[in-house]
Amino acid sequence: MTIQWFPGHMTRARRQIQEKLKQIDAVIELLDARVPHSSRNPMIDEILRGKPRLVLLNKADLADQRATDRWIAAFREDGLDSLAVDAAGGQGIKEISARVKKLVAPQWERMAARGVVKPRAVRVLIVGIPNVGKSTLINRLAGRSVAATGDRPGVTKGQQWIKVGGEMELLDTPGILWPKFDDQTVGMRLAVIGSIREEILNLEEIAFFAVKTLAGKYWDAFVERFGLEGGPPEDPDDPGQIVDVLERIGRKRGCLVSGGRVDLEKASGVLLRDLRSGKLGRITLEEPEEFR
Ligand code: G4P
């Protein structure tokens, strides 16, 4: 389910997370490895108020591995521990507990020296924007189905602690954050990966954006998946060349209307479906260098 966010929603979501922060030792900030910047909440540092945090790049199975490695290095440069995972497939999940424990170790050691804390499981809250994989991760860590996928901001339900091994306890309700809506590029990137409800968006516009930003860098993937002949757009700022790629995809896939013209909407649907499911290959839409 996709939700619409209004200022009231944001205030409530923020308050709910800050309420939960009182009960927890560390936060797992979940991002989409294909768009680590765009899937990030713009106010996250302020909301978390210095809580120890592990950044997880989820859906790493769909992302370009080299780009993911660069993102992890960039987060580390910013003093944030970061790890690539695939909550759906299980990759990287075993490592999470140890990383979280390490995050709180310095603080706990100081407190233990003063006799304040007894050894116990580290209490953790997962936060992230809709569709980033929060419920999938919670269920994966729990080893069973405890979290319903889909989000509803502002709806509270009774929360429970889920034991993860002997070392971690997880709140079963994640903290739901919002992306940077006012940034057009952020919106388009989230639309490309399928994180924003489709009915309210123009399929062709999203596909156009996808070709414009990805065809140059991932042209080999386009050729391999769709059997395209000819080269990538020489000038990505020339709309005609971008539409030409969509038409070539459409022709290869038989997306035609009477008169032999390409049905651009259908071709856009084909491209986006293949891109989102990983059939086009492992693709990342933004690199850390763009934001430095
Ligand atoms: P949320 O709680 O943050 O809103 O996200 P949720 O877990 O509902 O996950 C959103 C979608 O992303 C789900 O797909 C889920 O299967 C998929 N997903 C989560 N983690 C990963 C991952 O690491 N890799 C891949 N490839 N996909 C992931 P869906 O199509 O909405 O549902 P379904 O097809 O699983 O039924």
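I'll start with the ligand and its surroundings, then move to a pair of helices.

So, first off, this is a predicted model. Now, how many residues surround the ligand? There are 18, and the closest are Asp-61, Asn-131, Lys-134, Ser-135 and Thr-136. If you sort that shell by class, you get 6 nonpolar, 7 polar and 5 charged residues. And which helix gives the most to the shell? That's α5, residues 134-142, with 3 residues.

Lys-59 uses its side chain instead: a polar atom on it lies 2.9 Å from a ligand oxygen. Then there's Ala-88, where a backbone N or O atom is 3.4 Å from an oxygen of the ligand.

Now the helix pair. Helix α7, residues 203-214, packs with helix α10, residues 264-277, at an angle of about 55°, and their axes are 9 Å apart. At that angle, α7 counts as oblique to α10. What about handedness? The crossing of α7 past α10 is left-handed.

That's my bit, over to you.

Technical notes. Residues are numbered from 1 along each chain as its sequence is written. This is a predicted model: local features need pLDDT of at least 70, side-chain atom pairs count only at pLDDT 80 or more; totals for chains, interfaces and linings use all residues. Side-chain values use heavy atoms; hydrogens and water are left out. A residue is near a molecule or strand if one of its heavy atoms lies within 4 Å of it. A polar contact is a pair of N or O atoms within 3.5 Å; within protein, one must be able to donate a hydrogen and the other to accept it, and residues adjacent in sequence count only if both atoms are side-chain atoms. Helices (H or I, at least four residues) and strands (E, at least two) are DSSP runs, numbered from the N terminus. Ala, Val, Leu, Ile, Met, Phe, Trp, Tyr, Cys and Pro count as nonpolar, Asp, Glu, Lys and Arg as charged, and the others, Gly among them, as polar. Axes are lines fitted to C-alpha atoms, for helices over the stretch in contact, and angles run from 0 to 180 degrees between N-to-C directions. Angles under 35 degrees count as roughly parallel, over 145 as roughly antiparallel, 65 to 115 as roughly perpendicular and the rest as oblique. A crossing is left-handed if the near helix is turned anticlockwise from the far one by less than a right angle, and right-handed if clockwise.
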